[in-house]
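This report describes a protein chain from its overall make-up to selected residues. The sequence and structure are shown below.

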Amino acid sequence: MASWWCRLLCPLSKQVASESVHGARLAAQRLSRRCDACDVEAGETCKCVRGHGEEEEKVAGDGRVTAVPEQHHSKPTSTFVQSVINMVGMLIGLGQLSTPYSLENGGWASVFLLVGLGIMCAYTAHIIGKCLDEDPSSKTYQDIGQQAFGSKGRVIASAFIYLEIFFALVSYTISLSDNIPLVFAGARLHLPWLRLSTTQLLTIIAVLLALPSLWLRNLSSISFLSLVGIVMSMVIFVTIVCTAAFSGVGLGKHIPALRLDRIPAVSGLYMFSYAGHIVFPNIYTAMKDPSSFTKVSVTSFSLVTVLYTALAFVGASLFGPAVNSQVTLSMPPRLVFTRVALWATVLTPLTKYALEFAPFAIQLEHHLPATMEPRARVIIRGSVGSAGLLLILALALSVPYFQYVLSLTGSLISVAISVIFPCAFYLKIRWGRVSRPVVVLNAAMIVLGFVLAVVGTASSAKLLVQSIRSGHVA
C-alpha cells in the first residue's frame, strides 16, 4: 500500500507548479549548495526526475553544479491510471462548489453548455499533447507558446498563467472567508483598534497560519499539500451526495429551463471549472507512454464532466432558488456531513497557497544573484511570498463576491488558456500539415472562445461592479 501511494505521489510532485518541474528543479539547484527536492548533500548525485535527453547534476562541495550522464531512474513513471488521477485531481477544485448555483441560474438547459465546454477543453488538452509531440524539448505550457510564436508567445502565456494563479488564490481566499464563520459558529472576535468583523479576523488568522507553508523549498512537501487538496475536493463531493441521500431535505426543487440573460456569467463559472491546461504538459512528460495522453484527457474530462453534471443537478434540485454560489453554504446546519464539507472547504485554500506560489518563487530565485547566501534566498523568497499572500488577503476581504470573481476569472483568463491559446498554438505549429476541416474547427473554437471571453467578461465585470457599489451603499 505504501509503495502504491509513493508511485502516485511521485507524479504529483511533477506538477507542483505551472512552471516546468524540470526547469524549476534545475534552477533551484543552480542557486543553492544542495538539492532540497531530493535532500542531496554536497558530493552526492541529484536524483530529480529529468526529461528525455537531459542530464543529472552533481552538487560539489563548493556549491558548483556539474553534469553527469542520465541514469535509469530519469525515465517517466506515471501509468495511465496515475495520469488520469492526476488530471482529474487538477481539474476538480473550487469550480465544483459553484456548479449547482450555475445550473439553477442558467437553467437546466445550461447543462449542454457545461458538457460542450468539457468536450472543447478535452479537445484542447489533446492538441496540447500534439504540440508537445512536435518538439521533445518542449516541457511546459510556456514552451509551447514559444514554439508557436517565439518569445512573445512565451511572455503572453506566462502573463496569463500568473494572472490565473493570482485570481484563483483570491477566489480561494474569498471561499475561505465565506465558510470559516460557519466552521466556528458562535465565535466572537473583536479588536478595539481595528474595525474588522469576526469573519474578517478569522480569515486573517487562517491565512497567517498558512504563511509558513510559503517558506517551504522541499518540493515533496509541497506535493503532499497538493494531494491533501485533491482529497478535500473529493470529500466535498461525497458529503453533498450524502446530504442528498440521508439528510431528509429531499430532491425535486424546481429548476428553470433556461435563463438566457444569465448565460454569459454562467459560462465563466463553467469555464473556470475546466481550467487546468497549464499543468497538462507536466502530466504528459511524466507519462510512461505519452502516446496515450489523448486517452487520458478523454477519460479525465469525461469523469469530471459527469461529476460536475451530477453535482449540479443534485445541488440545484436540493436547494432550488436558495442555492448559494458555494453549495456548502446551503447545506443544512448541524448535520455531520455539513460540518465535514465546511472543514474540507476551509482547509482546501490553506493547501493551495504554497502550491500556487511555487512558480513565482522559482522565477524569483532564478533572478537572484548567484553569490547570494542560501539563507538570504529563503528569507527573500518567504518575505515576497508572504507579502503577496497578504495582498491577496486584502483584495479578497475588499471584494468578497465569490461568484463574480470566479466568473470574471473564467471568462477573462481561463477561456484564453484553455481554449483560445491551445488552438492558436496548434494551428501555428502544424500549419500546412493539418486538414482543412481541422483548421476550420480550431478557427471556429478560437472565435467562440473570443465571444465567450468578451461577453462573459463584460457581464461578470458589470455584476461585480454593481455588487461593490451596493455594498458600499449598504
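The model discussed here is predicted.

Is Gln-403 buried or exposed? Gln-403 has a relative accessible area of 17%, and because this value falls under 20%, Gln-403 is buried. Gln-403 belongs to helix α14, which covers residues 402-429. Leaving aside residues up to four places away in sequence, Gln-403 touches Tyr-101, Leu-269 and Ser-325.

## Overall architecture

The protein chain contains 15 helices and two strands. Of its 474 residues, 54% count as buried. Among contacts between residues at least 6 apart in sequence, 79% join residues at least 24 apart. The accessible surface amounts to about 20300 Å², and carbon and sulfur atoms account for 68% of that surface.

## Nonpolar core

The largest nonpolar core comprises 111 residues. Met-87, Tyr-141, Tyr-274, Phe-280, Phe-301 and Tyr-353 have the most contacts inside this core. Helix α14 gives the most to the core, with 17 residues.

## Aromatic pairs

A search of the whole structure finds ten aromatic pairs. One of them joins Phe-160 and Phe-421, whose ring centres are 5.0 Å apart and whose planes stand at 80°, so the pair is edge-to-face. Phe-160 lies in helix α6 (residues 141-183) and Phe-421 in helix α14, so this pair ties together parts that are 261 residues apart in sequence. Phe-160 is partly exposed at 22% relative accessibility, whereas Phe-421 is buried at 13%. Both residues also belong to an aromatic cluster formed with Tyr-141, Phe-149 and Phe-425.

The rings of Phe-184 and Trp-343 are also edge-to-face, with centres 5.7 Å apart and planes at 75°. Phe-184 lies in the loop between α6 and α7 and Trp-343 in helix α12 (residues 336-366), so the pair ties together parts that are 159 residues apart in sequence. Phe-184 is partly exposed, with a relative accessible area of 36%, and Trp-343 is partly exposed, with 37%.

## Nonpolar surface patch

Val-447, Leu-448, Val-451, Val-454 and Val-455 make a nonpolar surface patch of about 410 Å². Within this patch, Val-454 is found in helix α15 (residues 436-473). The relative accessible area of Val-454 is 56%, and Val-454 is therefore exposed.

Note on methods:
Residues are numbered from 1 along each chain as its sequence is written. This is a predicted model: local features need pLDDT of at least 70, side-chain atom pairs count only at pLDDT 80 or more; totals for chains, interfaces and linings use all residues. Side-chain values use heavy atoms; hydrogens and water are left out. Patches are made of residues with over 30% relative accessible area and no salt bridge: like charges are joined within 9 Å, nonpolar side chains (Val, Leu, Ile, Met, Phe, Trp, Tyr) within 5 Å. Accessible areas come from the Shrake-Rupley method with a 1.4 Å probe; for residues, only the protein chains shown count as cover. A salt bridge is a side-chain nitrogen of Lys or Arg within 4 Å of a carboxyl oxygen of Asp or Glu. Helices (H or I, at least four residues) and strands (E, at least two) are DSSP runs, numbered from the N terminus. Buried means under 20% relative accessible area, exposed over 50%, partly exposed in between (1.4 Å probe, protein chains only). Contact means heavy atoms within 4.5 Å. A nonpolar core is a set of buried Ala, Val, Leu, Ile, Met, Phe, Trp, Tyr and Cys residues joined through side-chain atoms within 4.5 Å. Rings of Phe, Tyr and Trp (its six-membered ring) pair if their centres lie within 6.5 Å; planes under 30 degrees apart count as stacked, over 60 as edge-to-face and the rest as tilted.
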